[in-house]
Amino acid sequence: MRLLTLIFLLCSAYGLTAQKVLQIEKYGSPKTEKIHIGTVIDYRLEGEDSFREGYIEDIRVEDSLIVFGDRYVNVHDIAELRFKRGWGKAVGTSLMIFGGSWSGFALLGYATDGNPDTSYSATDAAVTVVSAGLGYALAKLVRYRKVRVGRRYRLRLLDLRFSIDPKA
């Protein structure tokens with residue numbers, strides 16, 4: 001029974017293919033980051049100031065090309081990659097909500113407590129302004145992680161298929 005299972009697994013694995021990937025390598029580190037076909041990336045080319053966004057449709061390893069929907073880009077022409085960070089926006093939004101809630105609860109408490117000696121103070125406004133300002137700045141400044149290709153990082157196209165078919 002074990003032999004039959006092993007033969008079945010080996011025969012079914014014959015039709016499986018691996019993949020082509022864009023790999024980001026950091027010098028001196030064994031860890032890599034792989035970007036697969038079908039991923040949307042933000043990249044900046046050498047000599048340009050703005051970032052472009054593209055959906056990777058194919059990778060041509062032998063020509064060092066990344067195929068996007070409307071263009072081909074040589075991997076050596078990419079100067080920088082940009083990845084969105086979700087935590088910066090989440091923490092910034094939470095701080096802004098905290099600041100607004102602080103003022104809202106302070107105003108509600110002072111309006112309904114029945115004590116004529118209490119009022120909305122400057123410290124309540126300061127907490128609101130500092131918290132909302134810090135949250136906004138954090139959401140804008142820590143929005144992206146940028147990888148500059150060159151000194152510490154390099155891009156490599158890899159073909160991880162078992163057999164290289166010239167038709168693929």
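The model is predicted, so to speak of local features a pLDDT of at least 70 is needed, side-chain atom pairs count only at pLDDT 80 or more, and totals for chains, interfaces and linings use all residues. Residues are numbered from 1 along each chain as its sequence is written, and side-chain values use heavy atoms, with hydrogens and water left out. Helices (H or I, at least four residues) and strands (E, at least two) are DSSP runs, numbered from the N terminus.

**The hairpin**

- Strand 1 (residues 20–26) and strand 2 (residues 32–36) run antiparallel and are joined by 5 bridges; two strands pair if DSSP finds at least two bridges between them.
- Leu 22 has Ile 35, in strand 2, as its bridge partner.
- This hairpin has 5 residues between the strands, and Gly 28 takes a positive phi near 80° there.

**The nonpolar core**

- The largest nonpolar core has 18 residues; such a core is a set of buried Ala, Val, Leu, Ile, Met, Phe, Trp, Tyr and Cys residues joined through side-chain atoms within 4.5 Å.
- Strand 1, strand 3 (40–45), strand 8 (78–84) and strand 10 (153–159) are the elements that give two or more residues to this core.
- Leu 22, Ile 35, Tyr 43, Ile 66, Ile 78 and Leu 81 have the most contacts inside the core.
- Beyond its neighbours within four places in sequence, Leu 81 is in contact (heavy atoms within 4.5 Å) with residues including Ile 24, Ile 35, Tyr 43, Phe 51 and Leu 155.
- In soluble globular proteins, nonpolar side chains tend to be buried together.

- Buried means under 20% relative accessible area, exposed over 50%, and partly exposed in between (1.4 Å probe, protein chains only).
- Val 127 is in helix 3, and because its relative accessible area is 28%, Val 127 is partly exposed.
- Not counting residues up to four places away in sequence, Val 127 touches Phe 98 and Trp 102.
- Val 127 and Gly 99 are 28 residues apart along the chain, yet their C-alpha atoms are separated by 6.5 Å.
- Ser 101 belongs to helix 2 and is partly exposed, because its relative accessible area is 29%.

- Tyr 120 sits in the loop between helix 2 (86–112) and helix 3 (122–141).
- Tyr 120 counts as partly exposed because its relative accessibility is 32%.
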